[in-house]
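Biologist: I would like to learn how to read a structure like this one. Could you walk me through a few features, please?

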Amino acid sequence: MSTRRTRTIVAALATVLLAGSVAACGNSDTGGDGGDGKIVLGFSQVGAESGWRTANTTSIKEAATEAGIELKFDDAQQKQENQIKAIRNFIQQKVDVIAFSPVVESGWDTVLKEAKDAGIPVILTDRAVDSADRSLYKTFLGSDFVKEGRLAGEWLVEQTKTATGPVNIVELQGTTGSAPANDRKEGFAAAIAANPNLKIVASQSGDFKRADGKQVMEQFLKANPDIDVLFAHNDDMGLGALEAITAAGKVPGKDITIITIDAVKDGMQALADGKFNFIAECSPLLGPQLMELVKKVEAGEEVPARIETEETTFTQEQAKAALPNRKY
Ligand code: AHR
């Protein structure tokens, strides 16, 4: 039985008991659909911190329209407390399904339990939570962030295999405590351990934002005169860092090798122009798969516990070839 029907029956029974009247049965659907039969999805987005996020939001909104799903969209402006508030609002509004991309990994158990107690299934998109209780959400749809970091590191290991001296790396981390920042850092560190010449000399968060990437890179350049490589956890921070590198009189892509993650259009353009050197892709186009999952969980169907997005990597030559058809 669909979760909407189950909640409807529970709500209708409660109404009958309270009113003590058979007439109350006429209030047949107290779910969030406003009575037009559409599935209602409450979606809490992280924010609008990057080109990737904008593309992700567009994908979700377009796919909801396409699938005939009523979308209640909330932008949390990169604050966990805003996401918790949004989820509580969705519960109050009795939406059929809740989906969200958690800004950080920890601290979700209480609100997820509230959704579970209200009988509303939850889908995680893009970012994971660290809850030990796997019954608090139905599925996770998104990328393998550890793999993305590993692919970035493996490329660097290959490029530097003949290096005889130290290779100094600076790292621009994503939002502190977020799954992509934690996992990309882990994957990259594990891969570069293969070459003892590779050393991370500075590592700091740029919050996945262009302006912060620029500012932190300025500090890195002041404190470290011999930076060989920048590993940025996303294109936007890498693009901000480009400005700092150029302003410091260095040539991005030549004096400093730049590796990023995402492969959004601006990043791909920088790669094709020779300013970036390598990008590990992270796909933001999760909308259509999410809507399929929403329909399934709403209908009470089983879904896989984890669904990973297919992704690739790009060199400068590959970016030139891919750019004309890049959708985002
Ligand atoms: O969670 C995905 C990450 O969040 C993207 O790599 C980054 O650009 C975004 O802000």
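Biologist: Which residues does Gly267 touch, not counting residues up to four places away in sequence?

Modeller: Contact means heavy atoms within 4.5 Å. By that rule, Gly267 touches Asp235, Leu239, Phe276 and Ile279, with residues up to four places away in sequence not counted. A word on the source: this is a predicted model, where local features need pLDDT of at least 70, side-chain atom pairs count only at pLDDT 80 or more, and totals for chains, interfaces and linings use all residues. Residues are numbered from 1 along each chain as its sequence is written, and side-chain values use heavy atoms, leaving out hydrogens and water.

Biologist: Is Gly267 buried or exposed?

Modeller: Buried means under 20% relative accessible area, exposed over 50% and partly exposed in between, using a 1.4 Å probe and protein chains only. Gly267 has 0% relative accessibility, so Gly267 counts as buried. Buried residues make up 52% of the 328 residues in the protein chain.

Biologist: Now to helix pairs. How do α2 and α10 pack?

Modeller: Two packed helices are described by the angle between their axes and the distance between the axes. Here α2 (residues 51–67) and α10 (residues 287–298) have axes 8 Å apart, at an angle of about 50°. Angles under 35 degrees count as roughly parallel, over 145 as roughly antiparallel, 65 to 115 as roughly perpendicular and the rest as oblique, so α2 and α10 are oblique to each other. Ser59, Ile60, Ala63, Ala64 and Ala67 of α2 make the contact with Gly287, Pro288, Leu290, Met291 and Lys295 of α10.

Note on methods. Axes are lines fitted to C-alpha atoms, for helices over the stretch in contact, and angles run from 0 to 180 degrees between N-to-C directions. Helices (H or I, at least four residues) and strands (E, at least two) are DSSP runs, numbered from the N terminus.
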